[in-house]
Amino acid sequence: MESNDLITIERRLVTRFLDMFIKFGLILALASFCFTVFSPFLNVMLWGLILAVTLYPLHQYFAKKLGGKQGLASVILVLLGVALIVVPTIIMLTSLGESATTLVEQASHTHLVIPPPNASIGTIPVIGGKLFALWSQASQDLPGLISDYHSQIAHAAKLVLAVLASMGGGVFGFIISFIAAGIMMAVGASGANSATRIAMRITDERKGVELVKLCTGTIRAVAQGVIGVALIQSLLVGIIMALAGIPAVGIFFVGALILGIAQVPVLLVSLPAIALMWLTGDHGTVMNVVFTVLLIVAGMVDNVLKPMLLGRGVDVPMPVVLLGALGGMATNGILGMFIGATLLSIGYLIFMAWVNEGLKKASLENTSQ
């Protein structure tokens, strides 16, 4: 081959490479611009999509009863969701903010009275001695303790305020997500078709359908059987505590929500609240007994809700769900807790499906040999 031919081939390769590089750069720039514009709404739309997928069977039931009116069914479902879930959640988080504000005001004006610790506290292994000494100083000289740990307390206060602000934004996002979910459910058939076509384009016809089924099943299993049960149970516990007049209800609500997602018995939150009610409440013995029974029942209601809301077992280890919830909450507040748990579960199952498919192929190749 002559040198002129080589130069021509080289120029063609350079031209094609430059064309490809420019096209890729333009696509990347467009994708980056679109993501920047869409990113403020990303969490809201993701949670709206999760809600839409989860509630779509119920939406279709309402639509069937209403003569096929998809829009009206969406409006009814959105209003029910806001009334039954969002409003009680706002009340619980408002209580959390009020409890934190009251605690800060009492501590700053030295009106906060801390009872002395029981002697049995000092017998706790490893931490008993330090905990007893710290508690004793707090009960005897709270201003001095605050002065000694001023920087740590200030840092903790900033974190609490940041969490409260994030939760407030999360509740607003919750409402917008319900509205977005209602719109998605109203056009659910075309949306499902589009999702299937996108999955097929990413993979192939067979794997695309399987991918959509896997994601849909995982979203419904995690959202209903884990997040839904935890949210309903924590709201039930919080409402009963509010009726019982237990202080810092919002703190107990958040604790119950985290424990519920982690599949840890919510009684770990209910029992301290019951003890606090008996120590500080003024309802009388009969009402205290009634609220105690209600809180114990609410702490175990997940045993009834899970079989009702969970159509099949969640094929995701609970540590994965918990890590997703805690990581999502750390980055995006209370809304991120739900999104993180669901998305990490989907990612885990897709990864394991890919691993199992590779092992299956390897096993078939070894068998054929």
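Modeller: One definition to start with: a residue is buried under 20% relative accessible area, exposed over 50%, and partly exposed in between. Note also that this is a predicted model.

Biologist: Is Asn-43 buried, exposed or partly exposed?

Modeller: Asn-43 lies in helix 2. Its relative accessible area is 24%.

Biologist: Which residues is Asn-43 in contact with, leaving aside its neighbours within four places in sequence?

Modeller: Gly-173 is 130 residues from Asn-43 along the chain, and the C-alpha atoms of the two are separated by 8.1 Å. Contact is a matter of heavy atoms within 4.5 Å. With neighbours within four places in sequence set aside, the contacts of Asn-43 are Asn-332, Leu-335 and Ile-339.

Biologist: How many helices and how many strands are there in the protein?

Modeller: Read from the N terminus, the elements run α-α-α-α-α-α-α-α-α-α-α-α-α. The count is 13 helices and 0 strands.

Biologist: Which element has the highest mean pLDDT?

Modeller: For the protein, the mean pLDDT is 79, and 79% of the residues reach 70 or more. Among the elements, the lowest mean, 69, belongs to helix 5 (residues 142-148). The highest, 89, belongs to helix 2 (residues 42-65).

Biologist: Why do helix 2 and helix 8 count as roughly perpendicular?

Modeller: The axes of helix 2 and helix 8 come within 9 Å. Angles from 65 to 115 degrees count as roughly perpendicular. Helix 2 and helix 8 are therefore placed in that class, with a crossing angle of roughly 90°.

Biologist: How many charged residues does the contact of helix 2 with helix 8 have?

Modeller: Helix 2 brings Trp-47, Ile-50, Val-53, Thr-54, Tyr-56 and Pro-57, and helix 8 brings Thr-216, Ile-219, Arg-220, Ala-223, Gln-224 and Ile-227. By class, 8 of the residues in this contact are nonpolar and 3 are polar. The number of charged residues is 1.

Biologist: Is Thr-54 buried or exposed?

Modeller: Thr-54 lies in helix 2. Leaving aside neighbours within four places in sequence, Thr-54 is in contact with Ile-219, Arg-220, Ala-223 and Gln-224. Its relative accessibility is 11%, so Thr-54 counts as buried.

Biologist: What is the relative accessibility of Thr-342?

Modeller: Thr-342 lies in helix 13 (residues 318-368). Beyond its neighbours within four places in sequence, Thr-342 is in contact with Ile-50, Ile-219, Val-222 and Ile-227. Thr-342 counts as buried, with a relative accessibility of 0%.

Biologist: How are helix 8 and helix 11 oriented to each other?

Modeller: The axes of helix 8 (residues 205-244) and helix 11 (residues 285-299) come within 9 Å and cross at roughly 170°. Angles over 145 degrees fall in the antiparallel class. Helix 8 and helix 11 are therefore roughly antiparallel.

Notes: Residues numbered from 1 in each chain as written. Predicted model: local features only at pLDDT ≥ 70, side-chain atom pairs only at ≥ 80, totals over all residues. Heavy atoms only, no water. Axes fitted to C-alpha atoms, helices over the stretch in contact; angles between N-to-C directions. Helix = DSSP H or I, 4+ residues; strand = E, 2+ residues; numbered from the N terminus. Parallel < 35°, antiparallel > 145°, perpendicular 65-115°, else oblique. pLDDT = per-residue confidence, 0-100. Buried < 20%, exposed > 50% of the residue type's maximum accessible area, 1.4 Å probe, protein only. Nonpolar A, V, L, I, M, F, W, Y, C, P; charged D, E, K, R; others polar.
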